[in-house]
Amino acid sequence: MELDIRPKTIVTIERFILENQPKEARGEFTYLLYDIALAAKMIAHKTNRAGLLDILGRAGQVNVQGEEQQKLDVYADETLFHLCDHTGRVCIMASEEHEEPLYIPERYSKGGYVLVYDPLDGSSNIDVNVSIGTIFSIFRCLDWEKRGRLEDILQPGRKLVAAGYILYGASTMMVYTTGAGVHGFTLDPEIGEFLLTHEFMTIPDKPKYYSVNHGYFNRWSPAVQRYVHWLQGSEEDSPVLSERYIGSLVADIHRTLLRGGVFAYPADSKMPNGKIRLLYEAAPMAFLIEQAGGYASDGCQNILDIEPTSLHQRVPFYIGNRELVARAEAYLREEQP
Ligand code: AHM
Ligand code: MG
């Protein structure tokens, strides 16, 4: 059979972003999304050369250009910051890598948006060549007259205007939502462009996988243990699911979005609020999955309704098909005093 290589309709991420923003938003916000897409390409480029960079950098950790070698997560963090600090589109940023908010230097003008990011999530997977990702979210700043303040960042997920992730896997994908559906783009490394490959992504009705770190089973409460048993088929009304767990949130959620299922990172006796961070991980993913027809909860309430009280706050996290997440809430409710 001959391969049909004639181009079909080809849409770059730039064109898609531009054409899908309301006219009044075609400015700062559109260009901020472009900046993130550019950061994604730069991080993908380095990620693909991860093992090689180490070899090149071994002599005193200086590369052939005479620059100091940096760990990938530092590189990703600095790339995002320096692509966005001087553009006049952002009033403040927050990164999972930094304890404090990232203020826009006084010498630059500020913009109307807040950028929150986890530059390289799943860092324990970097050195073993397993998929990792970047997670980003954008809020409007609360007071357009003022420079960014902490309260601009501490907004509930319900207030997000955009969120998404970049998955550095077998190929690099950028998946995002601005509240009008979820769209996925795959990086063509030959031409350096993200091309639209998944328009209007929705989570399948029939779920396929559950995803949880079983290594913590003995640390979970009885209700969480019963829920996981239910996922495994212990009850008559249990779903029929296989298990997959990568340990990279972006990859685990991407699979959940494409195949259906649930990802859970429950509270446990060592981590009373679990591990997943509300602002950098849970809220953006909740916004995106809700846009795709799914649901995310901390076991009691919708993740999007939680008012953050601190930058690095953690939450128990259940996300995926609505009925599977709602069942987690039902099991956990039984346990409440
Ligand atoms: P990180 O921000 O330090 O990379 O940790 C977050 C990651 C998530 O990507 C993933 O879901 C989780 O940690 C895996 O944790 P565990 O190894 O405890 O299962
Ligand atoms: Mg993280």
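Helix α8 (residues 278–291) lies across β12 and β13 (317–320), and its direction makes an angle of about 25° with that of β13. This is a predicted model.

α8 lies across β1 (90–95), β3, β4, β5 (162–168), β6 and β7. Relative to β4, α8 runs at about 80°.

The chain as a whole is divided into domain 1 (13–198) and domain 2 (209–335). Taken over C-alpha atoms, the centres of domain 1 and domain 2 are separated by 25 Å. Where the domains meet, 47 residues of domain 1 are in contact with 31 residues of domain 2.

One sheet is open and has five strands, in the order β10-β9-β11-β13-β12, with mixed pairing. Its edge strands are β10 (242–243) and β12 (295–297), each of which pairs on one side only. Strand β9 (residues 209–211) pairs with β10 in the parallel sense, over two bridges. Tyr209 stands opposite Ser242 in β10.

Another open sheet has eight strands, ordered β2-β1-β3-β4-β5-β6-β7-β8, and its pairing is mixed. Why is one side of β2 and of β8 left without a neighbour in the sheet? β2 (102–103) and β8 stand at the edges with a single partner strand each, so one side of each has no neighbour in the sheet. Further in the order, β3 and strand β4 (residues 132–140) pair in the antiparallel sense over seven bridges. The bridge partner of Tyr113 in β4 is Arg140.

| Strand pair | Sense | Bridges |
|---|---|---|
| β9 and β10 | parallel | two bridges |
| β3 and β4 | antiparallel | seven bridges |

Helix α1 (residues 13–20) lies across β6 (172–177), β7 (182–188) and β8. Its direction is at about 5° to β6.

Leu196 is placed in strand β8 (residues 193–198). Which residues is Leu196 in contact with, leaving aside its neighbours within four places in sequence? They are Val11, Phe16, His183, Gly184 and Phe185. Val175 is 21 residues away from Leu196 along the chain, and the C-alpha atoms of the two are separated by 9.7 Å.

The second largest pocket holds about 370 Å³ of space. It is lined by 23 residues, and those closest to its centre are Asp121, Gly122, Gly247, Lys275 and Glu281. Where does this second largest pocket lie? Domain 1 (13–198) and domain 2 (209–335) both give residues to the lining, so the pocket lies between them.

Three elements, β3 (113–121), α7 (249–259) and β11 (261–265), each supply at least two residues of the lining of this pocket. β3 gives the most, with three residues. By class, the lining of the second largest pocket has nine charged, eight nonpolar and six polar residues.

Terms used
Residues numbered from 1 in each chain as written. Chains lettered and ligands numbered in written order. Predicted model: local features only at pLDDT ≥ 70, side-chain atom pairs only at ≥ 80, totals over all residues. Heavy atoms only, no water. Pairing = 2+ DSSP bridges. Helix = DSSP H or I, 4+ residues; strand = E, 2+ residues; numbered from the N terminus. Contact = heavy atoms within 4.5 Å. Axes fitted to C-alpha atoms, helices over the stretch in contact; angles between N-to-C directions. 1 Å grid on protein atoms, 1.4 Å probe; cavity = no way out; pocket = protein on both sides within 12 Å on 5 of 7 lines; lining within 4 Å. Points joined across faces, edges and corners; volume = space filled by probe spheres on them. Nonpolar A, V, L, I, M, F, W, Y, C, P; charged D, E, K, R; others polar. Domains from an automatic or database assignment.
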